[in-house]
Amino acid sequence: MTGFDFSLIADHSALLLTGAAMTVYVVIVSFVLAFGFGIVVALLSFLPGAVPRAFLSAYSIVLRSIPFIIVLFIVYYGLPFAGFHLSALLVGILALSFYKSAYYGEIIRAAIVALPRGQFESARAVGMSPRQAFVHVIAPQLVRGLLPPSTNMTLTLIKESSVLSTVTIGELTYQGMVMQGATYAPLECFAAVSGLYWALCAGTAWIAGRLERRAGLAQKAAIDRNPLAASFLSFERPKVRR
Amino acid sequence: MSASPVLRVQGLSKSFQGVPVVQSIDLDVHKGQVVAMIGPSGCGKTTLLRCSAGLERPDRGFVELEGQPFGHERHGAEIRRQSPRQMDRMRPKVGMVFQQLNLWPHLSALDNVVKPQVVVLKRTRAEAAERARTLFTQLGLSAKADEYPYALSGGQRQRVAIARALALDPALLMFDEPTSALDPELVAEVLAMLRSLASGGMTMVIVTHEMNFAANVADRLILMGKGRIVEDRPARGSVK
Amino acid sequence: MFEQAYLFSILPKLFSAAWVNLQIALLIAAISIVMAMLVTIVRTAKIGVVNGAFNFVASFVRGTPLLVQIFLCYYVLPSFGIDLEPLTAGVLAISLNSTVFLSETMRGGLQTIDPGQIEASLALGLRRSVIWHRVLLPQLLIRILPLLVNELTIIIKGTALLSVITVVEVMRTAQQLAAASFRPFESLLGAGLVFLVLNVFFILLASVLETRLQKRAT
């Protein structure tokens with residue numbers, strides 16, 4: 001070992017930052033698509049009858065069973081079969097969004113199920129219209145319930161996006177490999193790449209933390225609603241509500 | 001009395017999945033009355049309450065609030081369903097205190113009372129907050145205004161729910177099983193509060209299955225069984 | 001054209017490759033559970049430096065992709081004189097990941113244990129090691145059993161990433177088959193099916209365990 005050469009990282013900083021920017025871009029687009037699709041999936045699961053719920057379970061079990069790298073390659077080689085010839089970047093984003101939609105769908109469904117019963121009705125009882133009830137009573141609570149698990153899932157999304165390097169999408173991991181090919185300095189390359197991922201994750205967690213704080217006493221309220229969570233997260237006994 | 005009753009129910013029937021729950025109920029509640037509706041569980045008292053509050057549509061029959069049709073409209077001889085929007089406008093006339101209270105956990109106690117005033121009655125925040133604080137003082141909640149529901153005791157939560165209903169200046173206050181979600185030692189507290197509301201002239205309908213409680217608080221007892229009114233008589237412990 | 005016959009013809013090869021993934025995964029799971037238990041016990045001793053170090057490592061592991069960690073173990077460790085086989089490097093990377101995750105899971109599990117039990121055990125004069133061994137760990141493991149099985153499926157999925165450092169498992173086998181047959185779609189679909197079969201078993205097992213345990217708890 002010959003010591004850590006910072007100048008290597010400095011020399012390739014443009015490359016690495018391009019990669020990081022691409023990762024941010026891919027993550028943001030995939031998040032929006034996956035979350036949007038997750039909402040659809042979650043709402044579908046509330047349709048009457050056993051079929052929609054069973055469909056959501058099957059959908060999520062299948063996607064939770066298969067490694068993302070394989071889903072990515074199936075989509076990558078499968079889309080041309082279906083007559084779609086898309087760029088690697090688009091394929092990667094679609095595959096990642098599709099893969100994550102199952103997870104977001106489960107989170108969204110859980111947040112809806114966790115709403116205390118009678119909230120909508122009590123809003124209606126004071127004379128709010130259905131729309132007002134949603135805006136003033138339901139939505140704020142949904143956001144609180146959704147934030148913490150969505151944050152976790154989004155951190156996973158950031159990390160999982162590194163797999164896109166295997167289909168030559170120029171995100172952070174890929175650019176790290178390019179740098180490694182040019183410099184034969186794995187230590188510096190992967191230290192820089194890890195550091196950037198770490199920063200991206202920490203940044204995302206920080207933003208999410210701010211949002212959670214802005215949402216007020218979200219966590220306390222959530223704990224109180226959920227005795228199971230209280231048993232994990234709180235040192236006080238949950239209040240008994242009959 | 002020449003004035004219209006606060007609540008008039010006429011020939012009201014409601015079934016769920018073919019099972020009749022409430023059958024041809026007629027009921028008038030006049031201003032200032034405190035009516036306790038008692039009966040075993042499943043006798044239809046909660047359904048009657050919910051139909052009167054416009055939370056369920058009756059299959060047959062009509063509800064009127066202070067002489068105004070609620071849930072239906074008369075056009076000459078023709079009777080139509082009232083539009084949802086019109087029903088939303090009428091609903092604040094009935095203050096409903098749910099069995100589970102259904103406070104909004106994301107809002108402070110004060111905001112639970114302020115929000116509906118602002119959203120539904122279009123009061124300004126300042127007006128709404130003033131009204132809420134006045135009610136909180138009356139109900140002994142002043143110190144708890146900024147607490148969130150999870151930090152309140154069962155009795156305090158119930159008082160917030162009552163304040164939320166009262167803030168909309170309802171003509172009628174309805175309680176669904178006000179004592180069932182509370183610890184037994186709090187029942188006396190609820191009783192005292194209901195009495196003070198009654199002495200202030202509030203018209204109230206209280207659904208309960210506790211005979212003792214009903215007899216203590218109400219000046220009129222309605223006994224229900226199998227979806228019908230079995231008995232309607234003055235209560236012994238009439239507070240006036 | 002989609003070749004069903006080809007897909008069926010490669011399934012036996014892929015399933016025998018799955019045996020590799022399963023073995024690796026079970027090895028990693030065993031290492032991680034043992035390591036996580038040790039780490040958890042050490043963390044409860046509340047030694048500032050040790051816990052600080054753990055938090056640092058945990059934050060790093062959670063803040064970087066598994067793929068990058070695998071590269072770190074495979075490409076970077078040699079610069080420190082640690083030259084690992086691809087398989088060993090992969091096992092190390094995934095084990096590290098799972099150890100961190102499981103230790104956090106165990107911390108959560110510990111908070112659900114009634115403190116009265118500890119007092120009772122101490123009152124009986126049990127030694128600290130005995131309390132861990134006989135009282136806490138058995139309960140803890142049972143409580144987090146569904147999460148352990150769930151973690152196993154995550155480990156199994158993680159083993160597919162070892163293909164990028166040339167470990168011949170399902171994914172790598174599928175890629176080799178694809179290169180030989182020019183049928184990448186069918187080959188990868190086959191690999192997906194193999195993982196589906198492997199993991200559905202464990203996912204269903206986890207949910208059965210969870211409902212069992214919930215029933216027991218009530």
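Colleague: To how many Å² does the accessible surface of chain A come?

Modeller: This is a predicted model, in which local features need pLDDT of at least 70 and side-chain atom pairs count only at pLDDT 80 or more, whereas totals for chains, interfaces and linings use all residues. Residues are numbered from 1 along each chain as its sequence is written, chains are lettered from A and ligands numbered from 1 in the order in which they are written, and side-chain values use heavy atoms, with hydrogens and water left out. Accessible areas come from the Shrake-Rupley method with a 1.4 Å probe, and for residues only the protein chains shown count as cover. Carbon and sulfur atoms own 69% of the accessible surface of chain A, which comes to about 11700 Å².

Colleague: What percentage of the residues of chain A count as buried?

Modeller: A residue is called buried under 20% relative accessible area, exposed over 50% and partly exposed in between, with a 1.4 Å probe and protein chains only. Of the 242 residues of chain A, the percentage that count as buried is 48%.

Colleague: Which loop of chain A holds Leu86(A), a member of a nonpolar surface patch?

Modeller: Patches are made of residues with over 30% relative accessible area and no salt bridge, like charges being joined within 9 Å and nonpolar side chains (Val, Leu, Ile, Met, Phe, Trp, Tyr) within 5 Å. Leu86(A) belongs with Leu33(A), Phe84(A), Leu90(A) and Leu94(A) to a nonpolar patch that has about 420 Å² of accessible area together. Leu86(A) counts as partly exposed because its relative accessibility is 36%. Its place in chain A is the loop between helix H4 (68–81) and helix H5 (88–114).

Colleague: Which pair of chains shares the most contacts?

Modeller: Contact means heavy atoms within 4.5 Å. No contact joins chain B and chain C, whose closest C-alpha atoms are 21 Å apart. Two pairs of chains are in contact, and the pair with the most contacts is chains A and C.

Colleague: How many Å² are buried between chain A and chain B?

Modeller: Contacts here join 28 residues of chain A to 27 residues of chain B. Buried area is the accessible area (1.4 Å probe) that two parts lose on being put together, summed over both. Carbon and sulfur atoms give 55% of the area buried between chain A and chain B, which is about 2400 Å².

Colleague: Which helix supplies the largest share of the side of chain A that touches chain B?

Modeller: Between chain A and chain B there are two salt bridges (a side-chain nitrogen of Lys or Arg within 4 Å of a carboxyl oxygen of Asp or Glu), and Arg124(A) meets Asp88(B) in a salt bridge at 2.8 Å, N to O. On the side of chain A that touches chain B, helix H6 (119–125), helix H7 (130–160) and helix H10 (218–225) of chain A each supply at least two residues. The largest share, seven residues, comes from H7(A).

Colleague: Which residue does Arg8(B) meet in a salt bridge?

Modeller: Arg8(B) is in strand E1 (residues 7–16) of chain B, and its partner, 20 residues apart, is in strand E2 (residues 19–29) of that chain. Arg8(B) is partly exposed because its relative accessible area is 28%. With the closest N and O atoms 2.8 Å apart, the partner in the salt bridge is Asp28(B).

Colleague: How far apart are the C-alpha atoms of Ala45(C) and Ala30(C)?

Modeller: Ala45(C) lies in the loop between helix H1 (4–44) and helix H2 (48–63) of chain C, and it counts as partly exposed because its relative accessibility is 43%. Ala45(C) and Ala30(C) are 15 residues apart along the chain, and their C-alpha atoms are separated by 23 Å.

Conventions
Helix = DSSP H or I, 4+ residues; strand = E, 2+ residues; numbered from the N terminus.
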